[in-house]
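Hi everyone, thanks for having me.

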Amino acid sequence: MVRAGSVITLEAPAKINLTLEILGKRPDGYHELRSIVMPVSLTDTLTLTSTYAQTALTLTVGPGVDATKIGAVDRNLAVRAARLMQERYRINAGARIHIHKRIPIGGGLGGGSADAAGVLLGLNALWELARPREELMALGADLGSDVPALVHGGAVLMEGRGERVSGLFGDRPPAGCEGFWLVLANPGVMCPTPDVFRKWRGGLTASPSILHNMTSSIRISDVSAAADALYNGLQPGVFESYPDVAQTAAQLQEAGCLGVLLSGSGASVFGLVRDEVHGQEVSRRLGSGLWHVLVRTCPVV
Ligand code: C5P
């Protein structure tokens with residue numbers, strides 16, 4: 001985060017779900033989740049400018065982003081995050097929000113949530129509110145299920161409908177934990193999250209081994225073990241309903257990834273690779289016909 005007077009610039013990372021267990025349907029219509037989430041080095045860059053003379057919130061997005069895809073300004077998650085900050089802390093100032101968008105919109109990589117989390121963290125600094133991270137996470141839960149995890153940052157265990165978030169390793173990174181390299185790919189179709197959850201028909205997957213195996217793979221940076229431990233309960237339904245997504249996963253597998261998984265509710269998929277050089281080989285094999293990018297996970301704590 002870089003501050004220059006009334007302007008703050010920050011990177012808002014995308015996320016992947018290395019595991020996503022659906023434990024059942026809740027009375028409020030949401031689903032009870034248990035998921036290991038990690039941010040990755042694909043980011044949107046946010047520039048937040050405080051406008052002390054007026055309280056309006058404005059949004060610009062670039063470059064080359066289809067404005068119809070980000071929806072009406074007042075429904076945009078980043079703007080709603082700023083409004084929540086204004087209301088909660090009675091702020092008599094406005095903000096200009098500019099988002100340099102790199103995370104695919106509606107792609108299961110938490111792009112909208114990343115921007116909202118960035119606005120909460122950025123305005124907390126810009127307006128010198130000094131609110132603790134836990135309080136911003138609670139605010140984020142009202143905006144979307146992935147926002148608290150991205151406000152927290154690092155490798156987290158996400159539970160409930162997404163609002164219960166804790167660091168996978170507490171506040172201290174395990175020694176020797178270097179994270180993973182992976183290739184993200186997106187077939188350019190939309191899988192609306194509510195539809196994907198509505199179609200979920202899987203049985204209960206409360207298996208302690210899913211959580212345990214992935215946590216220990218991350219702890220010792222064992223990418224082969226992590227590839228074996230990948231799990232997403234939404235994947236079978238998405239592959240069945242959206243053949244382009246299944247096809248993209250098959251392409252990543254054929255290009256040599258160690259393990260491939262749907263991210264969140266899709267449509268993006270990711271493939272774990274051994275290291276940067278292996279990732280570059282996979283990228284070359286994928287060619288230019290499919291949107292893809294080589295990234296690494298952000299530090300775990
Ligand atoms: O909270 P968020 O806006 O990200 O959720 C989008 C939709 O995904 C919800 O309206 C709901 O249909 C579905 N969802 C769910 N259970 C969750 C998270 C999301 O059913 N834990």
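**The nonpolar core**

The largest nonpolar core has 98 residues, and Leu18, Met85, Val119, Leu123, Leu184 and Ile218 touch the most other members. Such a core is a set of buried Ala, Val, Leu, Ile, Met, Phe, Trp, Tyr and Cys residues joined through side-chain atoms within 4.5 Å, where buried means under 20% relative accessible area with a 1.4 Å probe, protein chains only.

This is a predicted model: local features need pLDDT of at least 70, side-chain atom pairs need 80 or more, and totals for chains, interfaces and linings use all residues. Residues are numbered from 1 along each chain, and side-chain values use heavy atoms, leaving out hydrogens and water.

What does Leu18 touch? Leaving aside residues up to four places away in sequence, its contacts (heavy atoms within 4.5 Å) include Ile36, Met38, Ile218 and Phe270.

Now the ligand. A ligand oxygen is 2.8 Å from a side-chain N or O atom of His31, and a ligand oxygen is 2.5 Å from one in the side chain of Ser145. A ligand nitrogen lies 3.1 Å from a polar backbone atom of Arg161.

How values were computed
Buried < 20%, exposed > 50% of the residue type's maximum accessible area, 1.4 Å probe, protein only. Polar contact = N/O pair within 3.5 Å; in protein donor to acceptor, adjacent residues only side chain to side chain.
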